[in-house]
Amino acid sequence: MNNQRFIFFILLIGYIFTPTLFNWLIAPEGSWYKPFILWIFIIIGAYLFQRSQKSS
(Lines give C-alpha, C1' and ligand atoms only; values in the text may rest on other atoms or scores of the structure.)
Protein backbone atom coordinates (compact mmCIF):
# COMPACT_ATOMS: atom_id res chain seq x y z
CA MET A 1 0.00 0.00 0.00
CA ASN A 2 2.83 2.39 0.82
CA ASN A 3 4.36 1.76 -2.62
CA GLN A 4 1.17 2.92 -4.34
CA ARG A 5 1.17 6.18 -2.40
CA PHE A 6 4.74 6.89 -3.45
CA ILE A 7 3.96 6.27 -7.12
CA PHE A 8 0.84 8.44 -6.90
CA PHE A 9 2.91 11.21 -5.29
CA ILE A 10 5.56 11.04 -8.03
CA LEU A 11 2.87 11.16 -10.74
CA LEU A 12 1.21 14.14 -9.07
CA ILE A 13 4.51 16.04 -8.85
CA GLY A 14 5.22 15.18 -12.49
CA TYR A 15 1.79 16.42 -13.55
CA ILE A 16 2.26 19.70 -11.71
CA PHE A 17 5.75 20.46 -13.03
CA THR A 18 5.41 19.10 -16.58
CA PRO A 19 4.57 22.44 -18.27
CA THR A 20 7.53 24.23 -16.67
CA LEU A 21 9.89 21.37 -17.38
CA PHE A 22 8.73 21.06 -20.97
CA ASN A 23 9.23 24.80 -21.58
CA TRP A 24 12.71 24.54 -20.07
CA LEU A 25 13.62 21.61 -22.31
CA ILE A 26 12.47 23.16 -25.60
CA ALA A 27 13.87 26.66 -25.00
CA PRO A 28 15.90 27.56 -28.11
CA GLU A 29 18.67 29.29 -26.15
CA GLY A 30 19.30 26.17 -24.08
CA SER A 31 22.10 23.65 -24.19
CA TRP A 32 22.02 20.42 -26.18
CA TYR A 33 22.35 18.26 -23.07
CA LYS A 34 19.25 19.44 -21.19
CA PRO A 35 17.08 16.43 -22.16
CA PHE A 36 19.85 14.13 -20.97
CA ILE A 37 19.77 15.75 -17.52
CA LEU A 38 16.12 14.75 -17.21
CA TRP A 39 16.87 11.18 -18.29
CA ILE A 40 19.76 10.79 -15.85
CA PHE A 41 17.47 11.80 -12.99
CA ILE A 42 14.87 9.28 -14.16
CA ILE A 43 17.49 6.53 -14.36
CA ILE A 44 18.93 7.34 -10.93
CA GLY A 45 15.45 7.46 -9.40
CA ALA A 46 14.53 4.11 -10.93
CA TYR A 47 17.78 2.57 -9.68
CA LEU A 48 17.23 3.82 -6.14
CA PHE A 49 13.62 2.68 -6.18
CA GLN A 50 14.61 -0.79 -7.43
CA ARG A 51 17.41 -1.05 -4.87
CA SER A 52 15.01 -0.26 -2.03
CA GLN A 53 12.57 -2.89 -3.33
CA LYS A 54 15.24 -5.63 -3.36
CA SER A 55 16.30 -4.99 0.23
CA SER A 56 12.73 -5.40 1.53
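**Exercise 1. Is Asn3 buried, partly exposed or exposed, and what is its relative accessible area?**

Solution. The model is predicted.
- Step 1: Asn3 sits in helix H1.
- Step 2: read its accessibility. The relative accessible area of Asn3 is 32%.
- Step 3: apply the cut-offs. Buried means under 20% and exposed means over 50%, with partly exposed in between. Asn3 therefore counts as partly exposed, at 32%.

**Exercise 2. Find the contacts of Asn3, leaving aside its neighbours within four places in sequence.**

Solution. 
- Step 1: list the partners. Asn3 is in contact with Phe49 and Gln53.
- Step 2: take Gln53 and check the chain. Asn3 and Gln53 are 50 residues apart along it.
- Step 3: check the space between them. Their C-alpha atoms are separated by 9.5 Å.
- Step 4: locate the partners. Helix H2 covers 34–55, and that range takes in both Phe49 and Gln53.

**Exercise 3. Describe the overall form of the protein.**

Solution. 
- Step 1: count the elements. There are two helices and zero strands.
- Step 2: look at the box. Along the principal axes, the C-alpha atoms fill roughly 45 × 20 × 5 Å.
- Step 3: turn to burial. Buried residues make up 2% of the 56.
- Step 4: The accessible surface comes to about 5400 Å². Carbon and sulfur atoms account for 72% of that surface.

**Exercise 4. Which residues lie nearest the centre of the largest pocket, and which elements line it?**

Solution. 
- Step 1: take the volume. The largest pocket holds about 410 Å³ of space.
- Step 2: go to its lining. It has 15 residues, with Ile10, Leu11, Phe41, Ile42 and Gly45 nearest the centre.
- Step 3: assign the elements. Helix H1 (2–26) and helix H2 (34–55) each give two or more residues. H1 gives the most, with nine.
- Step 4: sort by type. The lining divides into 12 nonpolar residues, three polar and no charged.

Conventions:
Residues are numbered from 1 along each chain as its sequence is written. This is a predicted model: local features need pLDDT of at least 70, side-chain atom pairs count only at pLDDT 80 or more; totals for chains, interfaces and linings use all residues. Side-chain values use heavy atoms; hydrogens and water are left out. On a 1 Å grid over the protein atoms alone, a cavity is a set of points where a 1.4 Å probe fits but cannot get out, and a pocket is an open set with protein on both sides within 12 Å along at least five of seven lines; lining residues have an atom within 4 Å of a point. Grid points are joined across faces, edges and corners, and a volume is the space filled by probe spheres set on the points. Helices (H or I, at least four residues) and strands (E, at least two) are DSSP runs, numbered from the N terminus. Ala, Val, Leu, Ile, Met, Phe, Trp, Tyr, Cys and Pro count as nonpolar, Asp, Glu, Lys and Arg as charged, and the others, Gly among them, as polar. Buried means under 20% relative accessible area, exposed over 50%, partly exposed in between (1.4 Å probe, protein chains only). Contact means heavy atoms within 4.5 Å. The radius of gyration is taken over C-alpha atoms; the globule rule is 2.2 Å times the number of residues to the power 0.38. Accessible areas come from the Shrake-Rupley method with a 1.4 Å probe; for residues, only the protein chains shown count as cover.
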